[in-house]
Each structure stands twice: as C-alpha cells, then as structure tokens.
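Please read these notes with the sequence and the structure side by side. They are meant for a first look, and each point can be checked on its own.

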Amino acid sequence: MSAKDDFTDGIREVVVLIKVSDMKRARAADDTVVSRANAARRASVVLLTAHFESYLKSIAEDFVDYLSSGTLESRAIPPALRDLHTMSLVKKIQNSSSLAERTAHFKKLSQVAQLWNSDAKPSRGALRAEV
C-alpha cells in the first residue's frame, strides 16, 4: 500500500471519530456527553497528527529508496544525505568494540565512498532509510 493510501485510510478513521463526537447532539445533552464529545475531538486531532507523521516518514523512506535505486549519479543525491550515511558508518567504525566488528564496517566503506564520486552510480542499497 502506498503512503498516500495509508494516509487516506487514516483520514477515514479520523472522520469516523469526528462523527462519533457529533457536537450538535452533545450541545443539547448533559455535561458528561459534552465532555466525551470534546475528548473525542481532541483525540481526532492527535490521531490525525500521528497519521500525518507516519505519512511524512513513509514519503521520506520512499525518497531514500528511490535515491538508492542504483540508477542515479551521486551528484543527484543531496550532500546532506550522503554526509549522514557516511558519518553514520564512520561512527560505527569508531565505536566498534572488536576487530571483527570494525572489519565488517570497513568493508562497507567502499560502497559509501561511491556517494562522493560525482560520476559514480552508487550501488543499489548504498543508502538506507534507517540510518
């Protein structure tokens, strides 16, 4: 399912919650009903915010997946994103507690180095959404 489809489903949930809190009926009812309706409205704002955050995260992940398709030259990848991936690996190398762990990270260094060669097309998966 696409990010847009997920967000659309989330909006449907929010609309249902808003309908549950029908203020026209609540205004005529007692204070408890009004309080519940107000709580449902506030909950719908929180739910909408959560769905929107999820939507933005999905779009960012899709963008990184597209950039990491192996079809783009490094110069087309934003420098900040290249820097993020490079520094993340450098920190892993720096914080490695064993030679075997450090060696495994060093082997990934050549893949990350491709990000800095403007004409190179970094291999598929050189960038990851979860850095």
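1. F7, F52 and Y55 are joined into a cluster by ring pairs. Rings of Phe, Tyr and Trp (its six-membered ring) count as a pair if their centres lie within 6.5 Å; planes under 30 degrees apart are called stacked, over 60 edge-to-face, and the rest tilted. Searching the whole structure gives 3 aromatic pairs. The pair of F7 and Y55 is stacked, because the ring centres are 4.8 Å apart and the planes meet at 25°. This pair links distant parts of the chain, with F7 in helix α1 and Y55 in helix α3, 48 residues apart. Helices here are DSSP runs (H or I, at least four residues), numbered from the N terminus.

2. A caution on the source: this is a predicted model, in which local features need pLDDT of at least 70 and side-chain atom pairs count only at pLDDT 80 or more, while totals for chains, interfaces and linings use all residues. Residues are numbered from 1 along each chain as its sequence is written, and side-chain values use heavy atoms, leaving out hydrogens and water.

3. Are F7 and Y55 buried or partly exposed? Buried means under 20% relative accessible area, exposed over 50%, and partly exposed in between (1.4 Å probe, protein chains only). F7 has 18% and is therefore buried, whereas Y55 has 23% and is therefore partly exposed.

4. The largest nonpolar core has 11 residues, among them V64, L67, L72, L89 and I93. A nonpolar core is a set of buried Ala, Val, Leu, Ile, Met, Phe, Trp, Tyr and Cys residues joined through side-chain atoms within 4.5 Å. Two elements, α3 (31-67) and α4 (79-95), each give two or more residues to this core, and α4 gives the most, with 3. In soluble globular proteins, nonpolar side chains tend to be buried together.

5. Which residues does L72 touch, leaving aside those up to four places away in sequence? With contact meaning heavy atoms within 4.5 Å, L72 touches Y66, L67, A120, K121 and P122.

6. H105 sits in helix α5 (residues 99-113). Its relative accessible area is 12%, so H105 is buried. Not counting residues up to four places away in sequence, H105 touches L89, K92, I93 and S96. Of these, L89 and I93 also belong to the largest nonpolar core.

7. V15 lies in helix α1 (residues 3-20). With 36% relative accessibility, V15 counts as partly exposed.
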